[in-house]
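Here is a walk through one protein structure, taken one region at a time. Look at the sequence and the model below before reading on.

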Amino acid sequence: MPGKTNISILGCGWYGSALGKALIADGMQVKGSTTSAAKMESLAALGIKPYIVNFLPGEEIYNADFFDCDVLCIAIPPKSRSGEGAAFIDKIKGIVSAIKQFEIQNVVFISSTGVYADSNKHVNEETDPQPNTEAGRILFEAETLLYAENSFRTTIIRFAGLIGPARNPGRFFAGKKEIANGDAPVNLIHLDDCIGISKAILAKQAFGYLFNGCSPAHPAKANFYTQTAVDSGFEKPEFIRELKEWKIVESVNVGPILGYQYKVLL
């Protein structure tokens, strides 16, 4: 990544911590945020310079040094299932204000292919998402807010379902019965490819783009999750072999713009 070695990762969860560790291995300086004082030590152990950062309305905490960076990666989930979804857009607005205040030029926002409705078709970065879930609508609104800003460049990565260390897909449906929509195609991405795409964006300075991060393999849900359960020694799930709502997530940007080849094809 020529001339750019200082990365701040806002949200060092499963993906953010792994990204920080990978970038440090490449010789970059990485700052990382958490909302929990208890996690500061574990981030430091990875070589990430830790900061407490919180943009929950009324509870804003941040350090100017955290925002002294060449690239800010925003990797915080909307947490709509735990009832925090409504505050997410306010958090993003607060982050946008900080980006402008500290004059950060390049931003990467981690979104989800959940912004695309299950519309029974193939979708890519040129598709109008038309989200039909609360989390999807919230993320799409956040994307729109960031893209509307012209004082910095935002690249959005929409990751598919996340698998990898501590997210063994064999566990997801192990032992469950009568699971609906067994013939629907899966849309998943391994952590190794999440990191690979992120590093390619930094290396290519590919800011101002939208990328779908999803394995090009889309086996049927029943086939994939049954096999991964068996491979991991878990009880076989049982699916209803039917095809209801579905989508297949593809990318028209990852190959041409990043030249990236997937490592894990499910």
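Leaving out residues up to four places away in sequence, Ile201 touches Val108, Thr155, Ile157, Ala206, Phe207, Phe211 and Leu258, where a contact means heavy atoms within 4.5 Å. The model is a predicted one, in which local features need pLDDT of at least 70 and side-chain atom pairs count only at pLDDT 80 or more, while totals for chains, interfaces and linings use all residues. Residues are numbered from 1 along each chain as its sequence is written, and side-chain values use heavy atoms, with hydrogens and water left out.

Ile201 has a relative accessible area of 1% and is therefore buried; buried means under 20% relative accessible area, exposed over 50%, and partly exposed in between, with a 1.4 Å probe and protein chains only. One of the residues that Ile201 touches is Ile157. These two residues are 44 apart along the chain, and their C-alpha atoms are separated by 9.7 Å.

Ile201 is part of helix H6. Helices (H or I, at least four residues) and strands (E, at least two) are DSSP runs, numbered from the N terminus. H6 covers residues 191–204, 14 residues in total, and reaches 20 Å from its first C-alpha to its last, close to the 20 Å expected at 1.5 Å a residue. The expected span is 1.5 Å times one less than the number of residues in the helix. H6 is mostly covered, with ten of its 14 residues buried. Among the buried residues are Leu191, Asp193, Cys194, Ser198 and Ile201.

After H6 comes Gln205, in the loop between H6 and strand S10 (210–213). Gln205 is not a glycine, yet its phi is positive, at about 55°. With 24% relative accessibility, Gln205 counts as partly exposed. Leu266 is another residue other than glycine with a positive phi, near 65°. Leu266 lies in the segment after helix H8 (254–258) and is partly exposed, with a relative accessible area of 33%.

Now turn to the start of the chain. Leu10 belongs to strand S1 (residues 6–10). Its relative accessible area is 3%, so Leu10 is buried. Not counting residues up to four places away in sequence, Leu10 touches Ser33, Val53, Phe66, Leu72, Cys73, Ile74, Ala75, Ile76 and Ile95. Leu10 and Lys31 are 21 residues apart along the chain, with 8.5 Å between their C-alpha atoms.

Helix H1 (residues 14–25) has twelve residues, which should span 16 Å at 1.5 Å a residue; its end C-alpha atoms are 17 Å apart, which agrees. Its buried residues include Tyr15, Gly16, Leu19 and Leu23. H1 is followed by Gly27, whose phi is positive, near 90°.

Which residues touch the most other members of the largest nonpolar core? In this core of 66 residues, they are Tyr15, Leu72, Ile74, Phe88, Ile95, Phe109 and Ile201. A nonpolar core is a set of buried Ala, Val, Leu, Ile, Met, Phe, Trp, Tyr and Cys residues joined through side-chain atoms within 4.5 Å. Ile95 is in contact with Leu10, Phe55, Leu72, Ile74 and Ile76, leaving aside its neighbours within four places in sequence. Another core lies apart from the largest one and has eight residues, among them Ile179, Val186, Leu188 and Phe224.

The cysteines come next. A disulfide is a covalent bond between the sulfur atoms of two cysteines. Taking a disulfide as a pair of cysteine sulfur atoms within 2.5 Å, the count comes to zero. For Cys73, the nearest cysteine sulfur is that of Cys12, 8.8 Å away. Cys73 counts as buried, at 3% relative accessibility. For Cys214, the nearest cysteine sulfur is that of Cys194, 10 Å away. Cys214 also counts as buried, at 6% relative accessibility.

Finally, consider the chain as a whole. Its secondary structure comes to eight helices and eleven strands. The radius of gyration is 19 Å, close to the 18 Å that the globule rule gives for 266 residues, so the chain is as compact as a globular protein of that length. This radius is taken over C-alpha atoms, and the globule rule is 2.2 Å times the number of residues to the power 0.38. Of the 266 residues, 48% count as buried. Residues 24 or more positions apart account for 75% of the contacts with a separation of 6 or more.
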